Amino acid sequence: MYSPRSMKATEFIDDAEVQATIAYAAAHAKDKALIQEILQEAKKNRGLNHRQASVLLACELEEENAQIFALAEQMKIDFYGNRIVLFAPLYLSNYCINRCVYCPYHGQNKQMPRKKLSQGEIAEEVLALQDMGHKRLAIEAGEDPVNNPIEYILESINTIYQIKHKHGSIRRVNVNIAATTVENYRALKNAAIGTYILFQETYQKDNYESLHPAGPKHDYAYHTEAMDRAMEGGIDDVGLGVLFGLASYRYEFAALLMHAEHLEAVFNVGPHTISFPRIKPAQDIDPNVFDNGINDEIFAKIIACVRLAAPYTGMIISTRESQACREKVLRYGISQISGGSRTSVGGYTTEEREHDSEQFEVSDQRSLDEVVRWLLQLGYIPSFCTACYRQGRTGDRFMALCKSQQILNCCHPNALLTLKEFLEDYASPATKEVGEKILAEQLKLITQPKVLDITQRELKQIVHGERDFYF
Ligand code: SF4
Ligand code: SF4
């Protein structure tokens with residue numbers, strides 16, 4: 001039976017409740033009065049429940065759909081302003097004992113060249129990432145207790161944080177590794193990680209089990225309850241996501257929001273981020289064999305509706321998506337993107353992309369400098385901010401600031417300060433030119449005199465070689 005407070009996966013993601021939600025949404029897809037009522041609720045900036053949001057996702061009324069997109073755009077500005085936070089994935093190891101049928105790293109793929117970075121190789125990758133200008137990484141590794149034990153992950157995190165090169169440093173390491181124990185989550189917390197990210201892939205249990213035919217990941221409950229164990233281990237910033245294309249998007253959408261509601265109900269903290277990956281081609285993987293693919297229009301609608309349902313949650317899109325698609329969905333709620341990414345193990349220290357060992361094909365292959373310039377030209381502030389967890393603004397502290405829309409008072413000046421660092425240290429002349437112009441314009445938007453004063457002073461200090469200022 002459906003219970004958001006239950007600690008059992010099949011009760012907080014109750015299949016009957018998801019099916020009933022989809023049927024309810026379909027029955028009200030043209031119900032103007034109800035849709036308007038839900039839109040009024042969304043305007044209060046307190047979010048929507050999975051049923052309300054599913055009705056908006058199903059909405060077939062043109063005028064109301066335009067209102068959904070417009071409201072998502074407005075809400076993003078209200079909560080986060082126009083900053084977009086940048087990060088890069090760092091693949092540590094592609095050894096994996098799981099059999100996920102959509103991932104080329106699955107253990108049965110004998111053609112995949114297997115590689116695990118040594119600490120020295122990690123240092124080289126980090127130097128390359130720092131030289132691009134990155135400050136925030138998401139580390140990735142397959143599940144393999146022999147090759148990638150937790151000790152290896154912890155040692156790697158320590159290596160990454162230790163490397164300081166010219167003005168470079170990685171200030172936040174987010175971690176995307178397999179579901180694990182409370183004890184291991186506690187160790188990750190003690191290693192000063194930012195967010196723990198784990199994609200559910202699909203919430204539909206039968207589908208989940210057939211897509212993960214063997215290996216520890218086959219256990220639906222253990223995987224779906226992982227965020228509860230992470231919270232118990234002290235990690236209060238967790239990142240959710242599904243791999244769109246594996247199952248019906250309406251199912252995934254409702255279940256994803258139910259998962260967020262469960263975290264809120266039990267821990268009083270919703271997900272810190274939600275990621276939006278779509279299945280992509282890779283070695284041994286043809287996305288066309290999955291018949292639940294979604295087009296760009298539906299993808300954008302999902303993003304807009306999640307923004308309305310969870311206005312306080314960061315939303316992430318990766319270089320899996322093309323420049324055109326990223327440009328479109330940035331408007332509707334995306335607050336973080338990756339840039340200059342390589343999705344193979346050791347990919348940042350090789351000249352050419354190693355397509356045979358990528359986890360997925362990268363659609364947006366531009367350099368970080370090009371991505372930064374593109375964001376500036378679109379009117380966004382590319383941000384390398386990592387302030388919150390370093391200031392202890394995590395979990396419910398972060399959520400309280402975000403829900404009251406005060407986080408913007410930190411995000412905006414921090415975006416300007418970290419952009420200035422990028423312009424001084426890494427930008428091409430063309431990026432620097434447009435960046436300085438936007439910086440001067442955006443400085444005027446800081447309304448609190450004291451914050452403006454400090455920001456102006458610190459911007460000058462950055463020119464004189466000082467680094468790492470934040471609110
Ligand atoms: Fe392994 Fe993760 Fe790929 Fe599954 S998705 S095969 S767990 S690397
Ligand atoms: Fe993210 Fe916090 Fe920085 Fe805002 S201030 S960009 S929420 S780390």
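Predicted model: local features only at pLDDT ≥ 70, side-chain atom pairs only at ≥ 80, totals over all residues.
Which helix supplies the largest share of the shell around ligand 2? Residues are numbered from 1 along each chain as its sequence is written, and chains are lettered from A and ligands numbered from 1 in the order in which they are written. Local features need pLDDT of at least 70 and side-chain atom pairs count only at pLDDT 80 or more, while totals for chains, interfaces and linings use all residues.

**Ligand 2.** Show Val85, Ser383, Cys385, Thr386, Ala387, Cys388, Ile407, Cys410, Cys411 and Asn414, the residues around ligand 2 (C-beta atom, placed from the backbone, within 6 Å of the molecule). The largest share, three residues, comes from α18. Both α16 (387-390) and α18 (408-425) supply at least two residues of this shell; helices are DSSP runs of H or I, at least four residues, and strands are runs of E, at least two, numbered from the N terminus.

**The domains.** Next, colour domain 1 (77-365) and domain 2 (402-463); the bounds come from an automatic or database domain assignment. Their centres, taken over C-alpha atoms, are 28 Å apart. Ten residues from domain 1 and twelve residues from domain 2 make the contact (C-beta atoms, placed from the backbone, within 7 Å). On the domain 1 side, helix α5 (residues 62-80) gives the most, with three residues.

**Ala138.** Now go to strand β2 (residues 136-141), where Ala138 lies. Ala138 counts as buried because it has 24 C-beta neighbours inside 10 Å (buried: 20 or more other C-beta atoms within 10 Å of its own, placed from the backbone). Leaving out residues up to four places away in sequence, Ala138 touches Phe87, Pro89, Asn174, Asn176 and Ile197.

Note on methods:
Contact = placed C-beta atoms within 7 Å. Buried ≥ 20, exposed ≤ 12 C-beta atoms within 10 Å, placed from the backbone.
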